[in-house]
Structure formats: structure tokens, C-alpha cells
Amino acid sequence: MIKKLIFSISILFLFGILSTSLAQRISGSSTLKIDDNLDERIFSISQLEFFEDTTNNLGFEDIIRPRFQGNFKIRPAFSKNDFDIEHTYWVKLSIDKTPESEKKWLMEFYDQTMDFVEVFAPSEDGTYQNILMGDALPFQTRNFRHKNFELILDNNNSGISNYYVKIRSSQKADIRIAIRSVNRFIYYALNEYFVYGIFYGMIAIIGLYNLLVYTAVRETKYLYYTFYLVSVGIYAMCVDGIAFQYLWANFPKWNQIANGVFSYSIVLWAILFSIKFLNTKYRSPKIHLALHAILIAKSVLFLVALFWDHKLFEIKYYDIIPFFFIFFASIYIWSRGYKVARFFVIAYGVLFVGVVVKVLVNAAIIPHATLIYYSLHLAFLLEMLLLTFALGDRIRILKNNRDRALKRSIKQIEINYALKEKVNRELEIKVQERTQELAQKNKLLEDYNHQLMEKDEEIKRINSLLDKDNWKLKSSIKASFQARLNNKLLSYDEFKKIFPDQSACYRYLEEYKWGKGFTCRHCSNTKSSKGPKLFTRRCTKCGHIDSVTAGTIFHGVKFPLEKAFYIAYDLIANTEKQTLDQLSELLDLRKNTVWNFRKKTKLHIEASNLENPHWHDILMMEEEKEKAK
């Protein structure tokens, strides 16, 4: 009796203390007496009696047995980080009902990520009512259209009733049970949704503003920032549980992975935005590569989590790395004199702190508190405002730089204009002086020009006579060389004057072959046009392309054509015959090359039955043979 009295006094004392705070809690016991003086009591898992079913085989009939009740124990050291997603948790909460209460009461579960929350609530007839909740079920199945899980408590009969809760979750669950009056629930829910409206409204306004800026300036950083804000907004809605309520109420499977998808989306757009804003490609190539490497690593981890293991979507310590590195990169680039990054540094400093706090809360290193729970929301909000300032500050700095550059340009233009005026005045004076001087010299030049024109007429008359004599001389020499060519009496030096290079040989063959008209070797058509290459003709009828060497022994020669000409000429010349060694040395060709072509020419002469062939006979030897065939 004394122990019970002490225990009751202790409970009343605790209730008296908790009634002075906004969120009263009971510590050290899982039995709660309903009292109208207290609107709210919140139990964490460390204050509740629970049993961890490692077999996942126990049912309600098993745990409700009297001999099993001793397995329900309070474990003060247990936290969210100790939650094992492979096990089932049975929680027992005893409620001492007060029928005289003027308020209606309900039970609420805070963690919206729990897959299945099965509550076994006692009825008046001693049976238990089974109420199933969880984010793995469609949203419309809930008793309350609220982001959390709630059920009305039956407070009609006095006495202590035991409520049993079966919890299964694929993510680490933060098991907290709140017993509060309906009035208290409505009050806090309305205020909470009002704050959500402000928070998400600010995200929407800032996102829309940056989207409009992007449409005006077409800088991708604003588009990346808009995507980042959308990702932050949807991720925050996933964390708060209202994304399931408003965006995909009928798709609970998507609700299981939405947190991970949009947390990755935040990292993706944050890194891309940081790369563009900080201009890392030019200001720090090493940081630029490191940010891409982090993004690739995060993308690989995301794909593994999405297609193989959803457990990786849980917030871990390594989730700090991308935000830490962005924070570090911004500090480094700011320290290198990039003033635009100053608000960016502060923004990501705040976000980095918020992410660190969220990771520590998720790992249960920091105890749960309302302000700490919403630390990431506050960090996102401050970061968005600071990044908006950063974008505005960037525009202001760039505008100031442009204005200073414009002022310098205007000042330089004024200086240049004054200098131009001075130079123009000096030039006008110089021009006047030079004009007078040139006028005098022009008169002198006109006199000289008149004399030169007289001399020029005399020179033209003399040149005309010289040209006439020169033409006669050249014609005589050319005729002489041509006669000597036909008579096979030319020396090598004289032969080179007629055929100095390959072009001269082609021109000679062209004149000899087509000088009197073109005849197609395929269809005998006499009309042609220029071919695709020099010294070729295209038949206008059949389209056959003919070259000047086609039909001659010179077709397909792999060495200079003028040397092939001389080898053929030497074979029929009446001058002293040269040996292979002499020809090879004279023409700078291999002896085997000279021998082969010489033999080819000799065989064609023999095949043509020419006892004393002339130069023209050799030129068209092949073509004549084709015509004979």
C-alpha cells in the first residue's frame, strides 16, 4: 500500500509539472490516467513497454496471454537507431479511463513512414477491435484525413484498458504515441498546416520567381535552382507526410521510395546549381571534377537503392558529404576573390548544419525535440532565402562591375575623342602643307609624264619590231626542233626544251590526240565536255571519260611522263643509242624501271610491224591497235 501511495503521489507530481508546458510527457511508466487538466501526453519508445518479436510469427492471441505479459518491458536506452526493420514490435500502453471527462480523446502516432501500424483497442464487451493503419495502405483508408495516424479512444467505462500496437516498417521507425484531446489535436493540426502553408508557399513563390528570371535571362543556373526548390519542397512534404496526403494518396508503393528519390534529387540539382553559380569549371577545375565525382557516386548509390535495396534510402552519415563539399568549395572560391559567393557560403553553411542535425537526430544521437525535428526545414528555408539573396547579390555585383566598366569606357571614349580632335587638327595643317607641296610636284610629274609618254611610244615601236623578229626566231627554232624531233635527231637537252615537264607532255598529247576533234573510243560520238580532271574529256552521249594517255603506251606510267617520253624517243632516235645504265643515271630512274618501259615500247613497235617508226607512230600506237581490232 505504501509503495502504491508513493507511486500515485509521484504520478500526480509529474502531471502537475507537465501541465505547465505545451507538450507534457510521462516518463518512467506506460500507464496513463486521462485527466481533463492535461490536454496532451507524449510517450517515446524509451518510455513504453514493448516487445521485439525477432521471429515475426507472434500474433495477437500469443502476446495477450497472461504468461506473456512479463515480456513487455520498458527499455530507457532504446532509440530509433536501435529499431530493426527485420523485426516486429509489439507496444503495450495502459490507459486509466475517466468517463467523467468532458473531452474526447484520441491516440496519435507521429512517424508517418511506418508501413503497418495495427492497433488492438479494447471494446466495452471485453473484445478487441483491430484497427489497421500505415503508409503502405492507401490514404483514404485512414479514420482521420491527417498526415499522422490517429484513432478515437473509448472513454465511456472506468478502469484500466490495455492497448496493444503491432508495428512493422521497412525504414527505421520513431515510435512515439501521443494521447491528446480532440480540441488539442485540432488546435495543433490547424497551426501546423498553417505553418506548412507558409513554408511551401515561400518555396512556390521563390521557385516561380527564379523560373521567371530564367525565362528572361536564359541562364541555366536559375533553372537548376528552380528544380532544386521543387525537390526541396516535395522532399519536405515527404518528411512531413503531406505528400502522401495530397500528391499520391492512391500510390502507397511510391510512398515507400519517395523520400529517397527526392533526397537524391536535392543533391543532384544542388551540385549542378553550385557548379554553375560558383563557375567551378574555370575557377577551380579540381573542385569541378570532385563535384562531378560526388554526383556520380551519389547517382550509383541511388540506382542501387532504387532497384535493389530500399534500405539505402535511409539518411546516413555519408549524406553529409555532398553538402559539406559544396560548403567547402564555396568557401575556397570566395577566398580566391569571388565576391559573388559570400551569401552562397552562408546559405550552404546553414544547410550543412541543418543536414548534420538531421543525420544526428535520425541516428538518435540527439534527443527528439520539435525544433530539432524541424531543423532541416528551417535550414532549407534560411538557405532558400540566402540563395535568393546570393542570386540578387550576384546580379548587383555584376551590374556594378558593368557600370564601372561602362564609366571607364565612356571616360576612355572622351579621352580618345579629345585626342582624335587634336590629331585631326594637326592632320589638317599637315594636309594643307602636303597639298601645296603635292600640287607643285604634280606639275613637275606631269611634265615628266609627257616626256615619258613620248619615250614610251618610241619604245613600243622598237618593241614591236623586236617582238616580230623574236617570233620569227622562235618559230624558226620551234620548227627546227620539231623537224629534228620528227627526224629523230634531238639530244637529251634539246628534247627537254620541248618537253621540260609532265604538263608539257600532257598538253602535247592533248593537242595531238584531240586537236582535230574528239572521237569517243566507246561509241564514236564526236561531242565532248570537260572531264572531272585536267586533260580528260567526257563523252556527251555515253558519259565515258577519256584521258590524254588512254590508248597510248604512256597510260598508267608510274614515273614522270617526260622521262617516259625520252625513253621511247631514245629507242627510235637516229642519235647514238644509250645503254640502260646511262639512261638510268641520266633520268634518275632505277635501271629495272627503264628496262621494263623500254621493253614495253619495243614490244609494241614489233607488234605494229613498223620497221622505221616515227615519233607520232609511238604516241598513238595503242589507239591504232584498238581501232584495228
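This is a predicted model: local features need pLDDT of at least 70, side-chain atom pairs count only at pLDDT 80 or more; totals for chains, interfaces and linings use all residues.

Biologist: Fine. How many helices and strands in the chain?

Modeller: The chain has 19 helices and 14 strands.

Biologist: And what share of the residues is buried?

Modeller: Of the 629 residues, 44% are buried. The chain exposes about 35600 Å². Carbon and sulfur atoms supply 59% of that area.

Biologist: What about contacts between residues at least 6 apart in sequence: how many join residues at least 24 apart?

Modeller: That share is 68%.

Biologist: Switching to rings. How many aromatic pairs are there?

Modeller: The structure holds 40 aromatic pairs. One of them joins Phe50 and Tyr89, with 6.3 Å centre to centre and 45° between the planes. That pair is tilted.

Biologist: Where do those two sit in the chain?

Modeller: Phe50 is in strand E3, residues 49-53. Tyr89 is in strand E5, residues 88-97. They are 39 residues apart, so the pair links distant parts of the chain.

Biologist: Buried or exposed, Phe50 and Tyr89?

Modeller: Both Phe50 and Tyr89 are buried. Tyr193 and Tyr196 make another pair, and this one is edge-to-face. Their centres are 5.9 Å apart, with 65° between the planes.

Biologist: Why are Tyr193 and Tyr196 separated by about one helical turn?

Modeller: Because they are three residues apart in helix H3, residues 182-217.

Biologist: Which rings link into a cluster?

Modeller: Ring pairs connect a set that includes Tyr492, Phe495, Phe499, Tyr508 and Phe554. Phe597 is also in that cluster.

Biologist: New topic, H9. What is its span?

Modeller: Helix H9 covers residues 320-335, 16 residues in all. From first C-alpha to last it reaches 22 Å, close to the 22 Å expected.

Biologist: Which H9 residues are buried?

Modeller: Among them are Ile320, Pro322, Phe323, Phe325 and Ile326. Just after H9, Gly337 takes a positive phi of about 100°.

Biologist: Last one. Which residues form the nonpolar patch on the surface?

Modeller: Ile296, Val300, Leu303, Val304, Phe307 and Trp308. Together they have about 660 Å² of accessible area. Ile296 is found in helix H8, residues 285-307.

Biologist: Why does Ile296 count as exposed?

Modeller: Because its relative accessible area is 56%, and the cut-off for exposed is over 50%.

Terms used. Residues are numbered from 1 along each chain as its sequence is written. Side-chain values use heavy atoms; hydrogens and water are left out. Rings of Phe, Tyr and Trp (its six-membered ring) pair if their centres lie within 6.5 Å; planes under 30 degrees apart count as stacked, over 60 as edge-to-face and the rest as tilted. Helices (H or I, at least four residues) and strands (E, at least two) are DSSP runs, numbered from the N terminus. Buried means under 20% relative accessible area, exposed over 50%, partly exposed in between (1.4 Å probe, protein chains only). The expected span of a helix is 1.5 Å times one less than its number of residues. Patches are made of residues with over 30% relative accessible area and no salt bridge: like charges are joined within 9 Å, nonpolar side chains (Val, Leu, Ile, Met, Phe, Trp, Tyr) within 5 Å. Accessible areas come from the Shrake-Rupley method with a 1.4 Å probe; for residues, only the protein chains shown count as cover. A salt bridge is a side-chain nitrogen of Lys or Arg within 4 Å of a carboxyl oxygen of Asp or Glu. Contact means heavy atoms within 4.5 Å.
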